[in-house]
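I hope they are handy as you go through the structure yourself.

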Amino acid sequence: MMSGEMRHVAITGGIGSGKSFVCRLLESKGIKVYDCDSAAKRLMNTSPILRRQLTELIGPEAYETFETTESRNLPPLNKAAVARFLLASAENAQAINDVVHPAVAEDFLQSGMQWLESAILFQSDFHRRVPFDAVVCVTAPDEVRIRRIMLRDNISEERAEQWLQSQWPQEEMLRRSDYEIVNDGQQPLLPQIEIIMKNMKL
């Protein structure tokens with residue numbers, strides 16, 4: 001890599017791993033982290049190209065309609081219509097991904113940020129759309145993750161375990177990553193972050 005070239009780092013991890021908390025720690029150190037999930041929602045509402053693509057894909061019901069709307073306002077995404085389309089088939093879900101993920105990748109590359117957070121970095125092949133120099137996987141024991149999910153979503157242990165099992169195995173995400181941050185509530189996080197940043201010369 002040439003000196004001075006922008007370096008890109010991805011942070012991923014399964015549900016309940018606490019990756020968002022790790023990102024907040026990074027931000028407390030002055031490192032802005034690009035949130036793929038919130039960016040996708042923003043772009044689906046504001047990007048003219050993405051709005052056109054989603055309307056062509058889903059139909060005119062992709063966006064809400066208002067009888068009276070000020071010209072400076074755009075009708076928001078119809079989440080129910082998008083959800084119906086997504087759940088109808090795996091092909092539909094892939095079609096949505098094929099228009100949303102490139103838009104998010106381009107937005108990230110233009111953002112000037114180095115760090116990105118994505119829960120589905122590998123599942124969505126997002127790591128192939130952006131030239132990441134390193135991927136950091138945030139991990140935690142399953143029992144810790146289940147407890148966090150229960151507290152966050154106010155759901156039963158059984159339901160929390162179902163959520164966990166519905167995702168990629170944590171071991172597979174870790175195998176594809178370059179670094180690990182163990183967020184088990186016992187090991188301090190900042191020293192782990194500092195070691196990784198030192199190794200990456202960031």
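1. Let's start with the pair H1 and H9. This is a predicted model, and in it the axes of these two helices come within 11 Å and cross at roughly 70 degrees. An angle of 65 to 115 degrees counts as roughly perpendicular, and H1 and H9 are therefore roughly perpendicular to each other. Their crossing is right-handed. On the H1 side the contact is made by Phe 21, Val 22, Leu 25 and Leu 26, and on the H9 side by Leu 189, Ile 193 and Met 197. By type, the residues of this contact divide into seven nonpolar, no polar and no charged.

2. Stay with H9 (residues 189–199) for a moment. Which of its residues are buried? They are Leu 189, Gln 192, Ile 193, Ile 196 and Met 197. These residues lie on the same side of H9, because the arc they cover around the axis is only 130 degrees. In general, an α-helix has 3.6 residues a turn, so residues three or four places apart point the same way. Turned away from the buried side of H9 is a face that carries the exposed residues Ile 195 and Lys 198.

3. Leaving aside neighbours within four places in sequence, Gln 192 is in contact with Glu 180, Ile 181, Val 182 and Gln 187.

4. Next, please look at H4 (residues 79–88), where Ala 81, Val 82 and Phe 85 are buried. Why are they on the same side of H4? Because they cover an arc of only 100 degrees around the axis. Lys 79, Arg 84 and Leu 87 are exposed on the other side of H4.

5. From H2, the contact is made by Cys 36, Ala 40, Arg 42, Leu 43 and Met 44; from H5, by Val 100, Ala 103, Val 104 and Asp 107. The residues of the contact of H2 with H5 divide into seven nonpolar, no polar and two charged.

6. Finally, two loop residues to check by eye. Asp 125 is not a glycine, yet has a positive phi of about 65 degrees. Asp 125 lies in the loop between S3 and S4 and is partly exposed, with a relative accessible area of 35%. Asn 154 is also a residue other than glycine with a positive phi, near 55 degrees. Its place is in the loop between helix H6 (142–153) and helix H7 (157–165). Is Asn 154 buried or exposed? With a relative accessible area of 70%, Asn 154 is exposed.

Methods: Residues are numbered from 1 along each chain as its sequence is written. This is a predicted model: local features need pLDDT of at least 70, side-chain atom pairs count only at pLDDT 80 or more; totals for chains, interfaces and linings use all residues. Side-chain values use heavy atoms; hydrogens and water are left out. Buried means under 20% relative accessible area, exposed over 50%, partly exposed in between (1.4 Å probe, protein chains only). Helices (H or I, at least four residues) and strands (E, at least two) are DSSP runs, numbered from the N terminus. The arc is that of the directions from the helix axis to the C-beta atoms. Axes are lines fitted to C-alpha atoms, for helices over the stretch in contact, and angles run from 0 to 180 degrees between N-to-C directions. Angles under 35 degrees count as roughly parallel, over 145 as roughly antiparallel, 65 to 115 as roughly perpendicular and the rest as oblique. A crossing is left-handed if the near helix is turned anticlockwise from the far one by less than a right angle, and right-handed if clockwise. Contact means heavy atoms within 4.5 Å. Ala, Val, Leu, Ile, Met, Phe, Trp, Tyr, Cys and Pro count as nonpolar, Asp, Glu, Lys and Arg as charged, and the others, Gly among them, as polar.
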